[in-house]
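Thanks for coming. I have one structure to go through today, and I will keep to what can be computed from it. Please have a look at it before I start.

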Amino acid sequence: EENKGPTAQSLPVWWLGILLTVGGEIGNFAAYGDPNTPASVVTAVGCVGVIANSFIATLVLGEPLRVRDVAGGLLVVGGVIL
């Protein structure tokens, strides 16, 4: 089998991203349990994360921004508004 270089899991930045994602989800879970924070606020913040991730993937990683990505983002925003 041919060695094609390091895998994503061997890169420290990948582990940093995983740890930050897990930390964010724990914070999200805690925010839903906080009686002083309405679920509408937590959902809106999550929406910003989804939209930001699509732009970061396009700008930093060079992934193509497809029509279905934009449509999905609009559906997320529409769901938060409704």
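Predicted model: local features only at pLDDT ≥ 70, side-chain atom pairs only at ≥ 80, totals over all residues.

Start with the helices. Helix α1 covers residues 12–33, and it packs against α2 at an angle of about 160°. The axes of α1 and α2 are 9 Å apart. Angles over 145 degrees count as roughly antiparallel, so that is the label for α1 and α2. As for handedness, the crossing of α1 and α2 is left-handed.

Now the surface. Which residues make the nonpolar surface patch? They are Phe55, Ile56, Leu59, Val60, Leu61, Leu65, Val70 and Leu74, and the patch has an area of about 840 Å². Two elements give two or more residues each to it: α2, residues 39–59, and α3, residues 67–81. The largest share comes from α2, with 3 residues.

Take Ile56 as one of the patch residues. Ile56 sits in helix α2.

Next, charges. In general, side chains of opposite charge can pair when their charged atoms come close. How many salt bridges does a search of the whole structure find? The count is 1. The partners are Arg66 and Asp69, whose side chains meet at 3.4 Å, N to O. Arg66 has a relative accessible area of 40%, so it is partly exposed. For Asp69 the value is 26%, which also falls in the partly exposed range.

Last, two distances between C-alpha atoms. Ser10 lies in the segment before α1, and with a relative accessible area of 44% it is partly exposed. Along the chain, Ser10 and Ile56 are 46 residues apart, and their C-alpha atoms are separated by 21 Å.

The second pair is Gly46 and Val67. Gly46 belongs to helix α2 and is partly exposed, at a relative accessible area of 35%. Gly46 and Val67 are 21 residues apart along the chain, with 21 Å between their C-alpha atoms.

To recap: α1 and α2 are roughly antiparallel, a nonpolar patch takes its largest share from α2, and Arg66 and Asp69 form a salt bridge. That is what I have; questions are welcome.

Definitions and conventions: Residues numbered from 1 in each chain as written. Heavy atoms only, no water. Patch = residues over 30% accessible without salt bridge, like charges linked within 9 Å, V, L, I, M, F, W, Y side chains within 5 Å. Areas by Shrake-Rupley, 256 points an atom, 1.4 Å probe, with all protein chains shown as cover. Salt bridge = Lys/Arg side-chain N within 4 Å of Asp/Glu carboxyl O. Helix = DSSP H or I, 4+ residues; strand = E, 2+ residues; numbered from the N terminus. Axes fitted to C-alpha atoms, helices over the stretch in contact; angles between N-to-C directions. Parallel < 35°, antiparallel > 145°, perpendicular 65-115°, else oblique. Left-handed = near helix turned anticlockwise from the far one by under 90°. Buried < 20%, exposed > 50% of the residue type's maximum accessible area, 1.4 Å probe, protein only.
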